[in-house]
Amino acid sequence: MKIGAERMCMPSPTIDQFVNAIKQIVIANKRWVPSVGKGSLYIRPLLMGTGSVLGLTPTTEYTFLIFTTPVVKSYHKGPLNLVVKDGLYRAVSGCGGTGGIKSITNYSPAYKAGNEARAGGFSDVLYLDSATGKFIEEVSTCNIFLVKGNAISTPKAEGTILPGITRKSIIDIAVDLGYEVEERAIPVEELLQGDEVFCSGTAVVVNPVFSVTYNNTKVKYKTGSGTVSEKMYETLVGIQTGHIDDTKGWTLQIN
């Protein structure tokens, strides 16, 4: 939030203000927290301009709020069937855009491609870089990972890709589990040669990809029991729910 607020010329809450607000909203809504294994309480912080300024300039007043909702189902229903879209881009490189921050500007432009994908029977869109149209970047609402042997690769976050917290968590977990992790440019042709593909994000957590369709070619990947994505999901959720010791200080006990 602090990084995004600076880019959008907005003030942001301090770390203490942010954490205390999270604590207060969880305590106020504790009756809505699902039992372990039955779901989770989705927490979404939001910072928006609310001042009365009509000109093309930052406003004079801002509101920081947090809303929550109980979630009892996964964001996506099962493994994903992705389609690669040419000509429609999530973010544009080389112009100091907002693709690398958590801004509303990154989501509404994806509606058109997303609607077309779902109308065609796909789960979501996998976007390519706008500069060359050769390298994968991310899905509409989540980061993407490629598994080949003992190597796990994900596109490097260089301004057009959101450096998501779940993405960072998966990278750290993978390193701890002995995988070779690479953050680099990944040609779409290399993605089609992978053993597994999965996505990560706050809402999707870790979601396996069943297929990717590119230029009318559909490639299928491993999903289900014994996969790397399953191991990542179980480890991350295990830490989040207290079933696995948190040695990194990621979790916060709220009393």
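Colleague: Is lysine 168 buried, partly exposed or exposed, and what is its relative accessible area?

Modeller: Lysine 168 is partly exposed, a class between buried (under 20% relative accessible area) and exposed (over 50%), using a 1.4 Å probe and protein chains only. Bear in mind that this is a predicted model, where local features need pLDDT of at least 70, side-chain atom pairs need 80 or more, and totals for chains, interfaces and linings take in all residues. Residues are numbered from 1 along each chain as its sequence is written, and side-chain values use heavy atoms, leaving out hydrogens and water. For lysine 168, the relative accessible area is 48%.

Colleague: Which residue does lysine 168 pair with in a salt bridge, and where do the two sit?

Modeller: The closest N and O atoms of the pair are 3.3 Å apart, inside the salt-bridge cut-off (a Lys or Arg side-chain nitrogen within 4 Å of an Asp or Glu carboxyl oxygen). Both residues belong to helix 4 (residues 165–176) and are four residues apart, so about one helical turn separates them. Helices here are DSSP runs of H or I with at least four residues, strands are E runs of at least two, and both are numbered from the N terminus. The partner is partly exposed at 22% relative accessibility, and its name is aspartate 172.

Colleague: Why can such side chains pair at all, and how many salt bridges turn up in the whole structure?

Modeller: Side chains of opposite charge can pair when their charged atoms come close. Some of these pairs join up, as in the network that links Lys85, Lys112 and Glu116. Searching the whole structure gives a salt-bridge count of ten.

Colleague: Which residue forms a salt bridge with glutamate 138, and how far apart in sequence are the parts they tie together?

Modeller: The partner is arginine 90, with the closest N and O atoms 3.4 Å apart. Glutamate 138 is in strand 5 (residues 136–139), while arginine 90 is in the loop between strand 3 (80–85) and helix 3 (111–119). The pair also counts as a polar contact at 3.4 Å, meaning N or O atoms within 3.5 Å, one able to donate a hydrogen and the other to accept it within protein, with sequence neighbours counted only if both atoms are side-chain atoms. So this pair ties together parts whose separation in sequence is 48 residues.

Colleague: Is that pair buried or exposed, and what else does glutamate 138 touch?

Modeller: Glutamate 138 is buried at 4% relative accessible area, and arginine 90 is buried as well, at 9%. Leaving out residues up to four places away in sequence, the contacts of glutamate 138 (heavy atoms within 4.5 Å) are Arg90, Val125, Leu126, Tyr127, Asn143, Ile144, Thr160, Ile161 and Leu162.

Colleague: What is the N to O distance between glutamate 158 and lysine 156?

Modeller: Glutamate 158 is exposed, at 61% relative accessibility. Lysine 156 is partly exposed, at 44%. Their side chains meet in a salt bridge, and the N to O distance is 3.9 Å.

Colleague: How much area do domain 1 and domain 2 bury between them?

Modeller: The assignment, which is automatic or from a database, gives domain 1 (1–72) and domain 2 (80–241). Their centres, taken over C-alpha atoms, are 25 Å apart, and seven residues of domain 1 contact nine residues of domain 2. Of the total, 70% lies on carbon and sulfur atoms, and the total itself is about 570 Å².

Colleague: Which residues other than glycine have a positive phi, for example near 60° or near 70°?

Modeller: One has phi near 60°; this valine 205 is in strand 10 (residues 205–214) and is buried at 18%. Another has phi near 70°, lies in the loop between strand 10 and strand 11 (217–220) and is exposed at 81%.

Terms used: Buried area = accessible area lost by both parts, 1.4 Å probe.
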